[in-house]
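Thanks for coming, everyone. Please have the sequence and the model open as we go.

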Amino acid sequence: MHIHHLEEWQHSHDFLVDRHSAERKTQIVTALTLVTMIGEIVAGTIFGSMALLADGWHMATHLAAFGITLFAYQYARSHANNPKYTFGTGKVSTLGGFASAVALAVVACVMVVESIGRLLQPEAIQFNEAIIVAVIGLVVNLVSALLLEDHHDHAHEHHDRDHAHEHHKHHDHNLRAAYFHVLADALTSILAILALFAGKFLGWIWMDAAMGAIGAMVISKWSYNLLRETSGLLLDGAIDKQTKLDIIHQIEQDADNRVVDLHVWYLSEDHLAATISLVTHYPQEPEYYKTLLAPISALSHVLVEVNPCKGEPCIEVASSNL
């Protein structure tokens, strides 16, 4: 029976869910979105503006997406050390981003349907009042975007400073999804204001429908990009070639080590795991090879298999197909 403490060799995964600042800002943005949504729906109903109603109702889908974002942060934090998650809950944030990207796609579809409806059944609009409410909504959306953008930029700078050697970077997709939802709100507010001005001064009622279609196309593009990024991480998609080459170089520059099998994947947006099998005439403890990989700071969980080479030291061992 082993009587020694094992903590020295055990891994903790709670570092994968350090998103407290992003969570707080998302809570603020969620509250602002809720207030704006209610105001636009009430104003759109009173003043007869389909543009305001559409903006208000599709903000409800963004509100649901923010709920997903907050749930992902809280769930990841509370289950960070749950043993049923083999590598921690780092991917919960990515899953939240994926779900929010789906919600963005739904928003785009709803906007297309609403645009067709406005084109077929135009209604009388109290332009002055509707424009005022739309401008207020835009201001709230821009403030929300600045809140989330400030955190995103700070995270980006911090990531670049600590991982300058890396060639492929990911960020908090959960926060990025929330940011895209806020941008979508701001975009639809701008389009609603343009449509209202066009209707008021030029009589171009059809602009309401045209702006809705344009907004739907832009939001669809955001949704597609986010779905592509998050699905790759969720399915343990291939890591960029340069990161693999960096790992191989760090191992093979020492002694006559040769990497014969390598698997690298993301535990979260900016933390990697790797399993490495190597052959050498001068085998060391696994911890020695982990030390060689220290310059690649994104590697948070590494398993190393060391195979002694039985041939003569002068014989070069060929690497397998990685």
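Start with R77. R77 has a relative accessible area of 35%, so it counts as partly exposed. Our terms here: buried is under 20% relative accessible area, exposed is over 50%, and partly exposed is in between, with a 1.4 Å probe and protein chains only.

A word on the source. This is a predicted model, where local features need pLDDT of at least 70, side-chain atom pairs count only at pLDDT 80 or more, and totals for chains, interfaces and linings use all residues. Residues are numbered from 1 along each chain as its sequence is written, and side-chain values use heavy atoms, with hydrogens and water left out.

Back to R77. Which residue forms a salt bridge with R77? E23 does, with the closest N and O atoms 2.4 Å apart. By salt bridge I mean a side-chain nitrogen of Lys or Arg within 4 Å of a carboxyl oxygen of Asp or Glu. E23 sits in helix α1 (residues 20–47) and R77 in helix α2 (residues 50–78), 54 residues apart. E23 is buried, because its relative accessibility is 6%.

The structure holds three salt bridges. Another joins D236 and K91, with closest N and O atoms 2.2 Å apart. D236 is in the loop between α6 and α7, K91 in the loop between α2 and α3 (92–120), and 145 residues separate the pair. D236 is partly exposed, at 43% relative accessibility. Its phi is positive too, about 55°, just after α6. Most residues other than glycine have a negative phi.

R176 and E229 also meet through their side chains, at 2.4 Å from N to O. That links helix α5 to helix α6, across 53 residues. R176 is partly exposed at 23%, and E229 is partly exposed at 25%.

Now the whole chain. It has eight helices and three strands. Helices (H or I, at least four residues) and strands (E, at least two) are DSSP runs, numbered from the N terminus. The order is α-α-α-α-α-α-α-β-β-α-β. Of the 322 residues, 48% are buried.

How far apart are the end C-alpha atoms of α6? They are 40 Å apart, and the 28 residues should span 40 Å at 1.5 Å a residue, so the two agree. The expected span is 1.5 Å times one less than the number of residues.

W204 is partly exposed at 38%. Leaving aside residues up to four places away in sequence, W204 touches A198 and G199. Touching, or contact, means heavy atoms within 4.5 Å.

Next, the sheet. Three strands form an open sheet in the order β1-β2-β3, with mixed pairing. Two strands pair if DSSP finds at least two bridges between them. The edge strands are β1 and β3 (299–308), each pairing on one side only. β1 and β2 (residues 271–280) pair antiparallel over nine bridges. In β2, S277 is the bridge partner of D261. Helix α7 packs on the sheet and touches β1, β2 and β3, its direction making about 135° with that of β1. Axes are lines fitted to C-alpha atoms, for helices over the stretch in contact, and angles run from 0 to 180 degrees between N-to-C directions.

Last stop: A255. It lies in the loop between α7 (241–252) and β1 (258–268). Buried or exposed? A255 counts as exposed, because its relative accessibility is 52%.
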